[in-house]
Every structure is written in structure tokens, then in C-alpha cells.
Amino acid sequence: MAILDHKHEIRLKGSPICGGIAIGSPFLFNFFENEIPEFSISDSEVESEVLRYRKALEKSKKEVEYLQKQLDLDGALDGVMILETHIQIMKDELITTVLEEAIREKKKNAEYIFGLFIRDYEKKLAKLTGEMFREKIRDVQDIAARILKNLKKTVKLSLAEVKENAIVFATDLAPSDAAEAKRTHIGAFVTEMGGKTSHAAIVARSRGIPYVSNINLAQVELKKEDVVIIDGRSGEVIVNPTSATLLSYRDLQNQLRAYLDNLSQAGEFLTETPDSYKVRLSANIEAIDELQLVHKYRGDGIGLFRSEYICLDKKGFPTEEEQFEIYKQFVQAANGLPIVIRTFDVGGDKSGDFLNVAEANPFLGCRAIRYMLQNPTVFRVQLRAILRASVFGQVKVMFPMVSGAFELLEAKKLLQEEMSKLDQESIRYDKNIKIGCMIEIPSAAITCDEFAKHCDFLSIGTNDLVQYSLAVDRSNQMMSYLYNPADPSVIRLIKMVVIEANRNGIPVSVCGEIAADPRFTALLLGLGVHELSCTARFIPIVKNTIRRTSIISACQLAETILKMSSYKEIQQKLNEEYEKLIPQDVQHIGPLIGH
Ligand code: PEP
Ligand code: MG
């Protein structure tokens, strides 16, 4: 990368989502307001690209026909005539068959070819004089904008193949986009929208990709050759830094790497407090390659496998056979460690081609267990596949977003029925498979004694528990000032669940993002949580924190915090206590997860 000494660097301040520092050049992803993207397509993609174009054209035609009908009803006959011209242009063989042939021949994306055609068309018309032709140019531009808009909505760029150290700028990121991103290629993410516990943020964290959101992209004009620094700790984005800034960030980046390498050695130590209180530290995973880190850091198991990630890039749900093969591979790669397979938590911010649901309030709608109970065929297929994979290791099954014990009972009934069918077919499975429930809705937390009677373990999903307790969308960065896991209501709900789980003699873990935040570690232990499940990458920092925290002081801290009445007070106390634990010489490196 050429280093130019820029006299005037541009500094933008956003919200830190995932810590770390990245230095690279911008890659503009899914935002080409004024730009038409150009990319090549393979032979096998040609026909689907033609189809994508045909659909966008068809949609545009339908939109114009609808408008025409409205104008007709209003008696605006001039408008009806103009739109008739638009419809006729959209039927012109130049932008139908001839354009499709050009996509096949040039093997480029539809909007690029379309852009070439339109420019050509405009040039030809511009040579002709007269008001009629000028009108025609305006018609063509109008239609072109409509078709391009409809094409852009369907374009699917992939983050899997961007060049090394790319700093991905996007208005928003879907969990599937983030899941496609490879740490080796992507330097960082910068978005306009996206909250700390959005699923895209969780995936970025599991990949160790620095991430800053809440940046107004209109504030800065980015060029491919620009140098950009992303500081995921503070939320700063620096475009074209001066050489002094660049050098200081390179230095900081090296120190951060050294600190993380040092922390990683924690894999060799036991997860216990200095007063010998043992804690189970497991991992949340979305992809099979994350299991390597679980083993490297000696995680105690997989506390949450977000199985829906196997669907996100698909057109439909995988078949029983496909799912069985996938789960078997995960279970085998877990190599004897227990693995909690959570049934599909689809809906919310995890939707896509595989899910045919469009709702005004997806987080309050047909999500997770609700979707599965409403679509029992999909549910039964997954349960069978999980059961069949259970003979290859220590598999547990867990249901997400259960709001009342009746849903748990319905899910268990389906599981039982699939077990009976497997028995009849003489197919092997673990007959004692453990069944768990996520506690992530206040109604479930409040009635968790009912849940505890009917399942083998509970896992508190604080990402959603915070969202549903405080009525604040977890992926909406504009509302993040209200999204506070340190809120007294959340802390008290956690305590309530722990008490009920203990009373019923079943284990309870915490698997939301606070399990990865070292500032919460002592509090969770003090509240009586014996198992934490966090992104594998954060096992070392959480383990180090556990190894520095005595259980007696953790209990005292929990007692103090349970008496506090505001999140600000609680947050401040947690920060103060954590700062006492971090060695002085690394305090300038900042909190590792960028909160
Ligand atoms: C949670 O809600 O805390 C959780 C772990 O589940 P997810 O983040 O996948 O919704
Ligand atoms: Mg959840």
C-alpha cells in the first residue's frame, strides 16, 4: 500500500461494535447510489443472471402498469399516454432479448450491461434534434432509473472474495453477509446501521473483525485507493491519515497482537477462580472452523451452536440428509465435547430466500420456536437430523425464544414422536438426549420454574432478554442508548432464573454477548452462574478474568449490584472493578470488545 503523507486526515466518529484496529483500503459493499457495480459472472451463473434481469424488468413493468391504472382512474389521460410509452420501451427487443444476449456473451452482471445499453441509447437519441426526442431521452432515463433500482435490490455481491485488508463500507450488513466474510481478507466493517448485538455484529466478533457502525457514509467520499484506519475500540474511522497517525496506529496494532497472543496462552490453564471455584467456559459457534479455536483454548464444550447459519445462504431449508451430514461433522469435530444444537432461530434479523415470511415487526413475530411450531414439517426434519447425529458424540438440543412452557411441551411432543418413528425404523439415536430451553423473553424468565420442571438445562440469552425486557430493537443503533445489559431489570431477571434453576436442580448458563464481556464476568459468577458460553475468540480474555476473580469478591459484588437502582451506577461499578483487574501496562489498549 502506498503511503502518502496526507496533511488533512478526515476523522469520523461512530459506535464501536467490535474492537481491534484495521488499516486498509475501502470496499464499497451494497451501496452504489450513484455507481453501477461491475463484476464478472461464471458460465454457470449466466442463466440466473438473465433471470434476475428479466424479473427486474417484469417488476418495473408491473409498477408502471399499476401507476397507469391509478392515473386512468383519476382521469389523467396525458399521464396514461406517457406511461404507455414507458411500457412499450420496456417491451422493445433492444432491452429484452438483445440485452439478455449481451449478458450471456459478455458474462457481466445485468446492471452493468444495462448501463452500457442505456448510455448507448441516450447517445443515439441525443444526436436527433427536436422536442419529441428530448422527451424520449427523459422517458428512457426514467425507465432506466426504475429498472436499475429493481435490479439493485436483487443484486447479491459476496464478501467471500474481496481483496486482502479490505475495509468494507455498507449501509447495513445482514448476518449472512458477515458470515461469508473471511477474516483473512476483511480488515474491518463500517456501516451506517447495526447494533452491538445484531447477528452481523456477533458474527464479526466471532471472526475477530473490527467493526464500527453509526457512520454517516454521505459525509465522506471514498476512493478505492484511499487509506483508512478503523479503530474498533473507540469507534473512530480515519480516512487518509497523516503518516504520524498511521505510524502510531501500526504500533498500537502490534501491541494489541502481542497482548492477544499472550492472553491466548490461557488455553493451557484451568478455568477456575484463585479460590478454586470451577467454572465451565464453553463456546458459541456458527461455523465449523470455529471449533479449532474451541480446542486451542480448551473450551469445555459448545454451549450454543446457532444451527440456522446453515440455511442463511440457501434458497430453502436443507433436507434431513443434508442436515444430518452437517450436524454429524460438527459433532465429530467437537471431538467428545458436549455440543448444544439450538434448533433454527430463523426470523428476526435472520431471514432470507429460505424463509417466506414478511412481517412489520419481525423480532416480535414468527421467529425461532414459533416458526418451527407453525411449520412442523421443517421442525420434524431438523429434530430427526439432530437425533441421528446424536450417536456421534454428546449432543444436546435446545429451543430458542420460548415465551411459555406450553411451547416447550409442544416441541418436546414433536421430539418424542420423531424418536418413536426412529425406533420403528430401527435408526439409532441417543435415547437420553438432554433437552434445554433458552430463557430470553421476560415471560420465560418470570415463569422459569415451569420450564425447569420440563427440561434438563437452561441457557440465558441476554441479547434477546435485554431487547425484550427493555423493548429496544437489538439491531437498531439509533436506540442503543436504551440497550443496556447492565439494567437492574436484566440483572434481577438473571438472578431469578439462577435461583429457580438451582431449586429444580438443573444447570443454567449464560450465552448472550455479556458472557464474552469481561466486565460482566465477576457479576455473573456472583449471581450463581456456573457456565458461560461465548464466542470462541473471547475464551482467553474471559478465562483470564475468571482466574483473577475470587468467588467471594464476586458474590459481594453481585450483592452490591442487586441493590443498585440504575444501569449507570451498575455500569460504572462494573468498569471500576474490571479496571482493577487489568494490568496497568495494557490499559491503553482499551476494552477488547469495543464497547
Ligand atoms: C441471545 O439472545 O442472547 C442469544 C444467545 O441468541 P441469539 O443472539 O442468537 O439471538
Ligand atoms: Mg436469542
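**View 1. Charged side chains across the protein chain.** There are 74 positive and 82 negative side chains here, and the centres of the two sets sit 2 Å apart. Lys and Arg count as positive, Asp and Glu as negative, with His and the chain ends not counted; each charge is placed at NZ of Lys, CZ of Arg, CG of Asp or CD of Glu. Keep in mind that this is a predicted model, where local features need pLDDT of at least 70 and side-chain atom pairs count only at pLDDT 80 or more, while totals for chains, interfaces and linings use all residues. Residues are numbered from 1 along each chain as its sequence is written, and side-chain values use heavy atoms, leaving out hydrogens and water.

**View 2. Strand β8 and its buried side chains.** Strand β8 covers residues 236-239 (strands are DSSP E runs of at least two residues, numbered from the N terminus). E236 and I238 point one way, V237 and V239 the other, and all are buried (under 20% relative accessible area, with a 1.4 Å probe and protein chains only).

**View 3. Strand β1 alongside β8.** Strand β1, residues 10-13, pairs with β8 in the antiparallel sense over four bridges (pairing takes at least two DSSP bridges). Look for L12 in this view: its bridge partner in β8 is V237.

**View 4. The hairpin of β7 and β8.** Strand β7, residues 228-231, also runs antiparallel to β8, again over four bridges. Here I230 has V237 as its bridge partner. Four residues lie between the two strands of the hairpin, and G235 takes a positive phi near 85°.

Notes
Chains lettered and ligands numbered in written order. Buried < 20%, exposed > 50% of the residue type's maximum accessible area, 1.4 Å probe, protein only.
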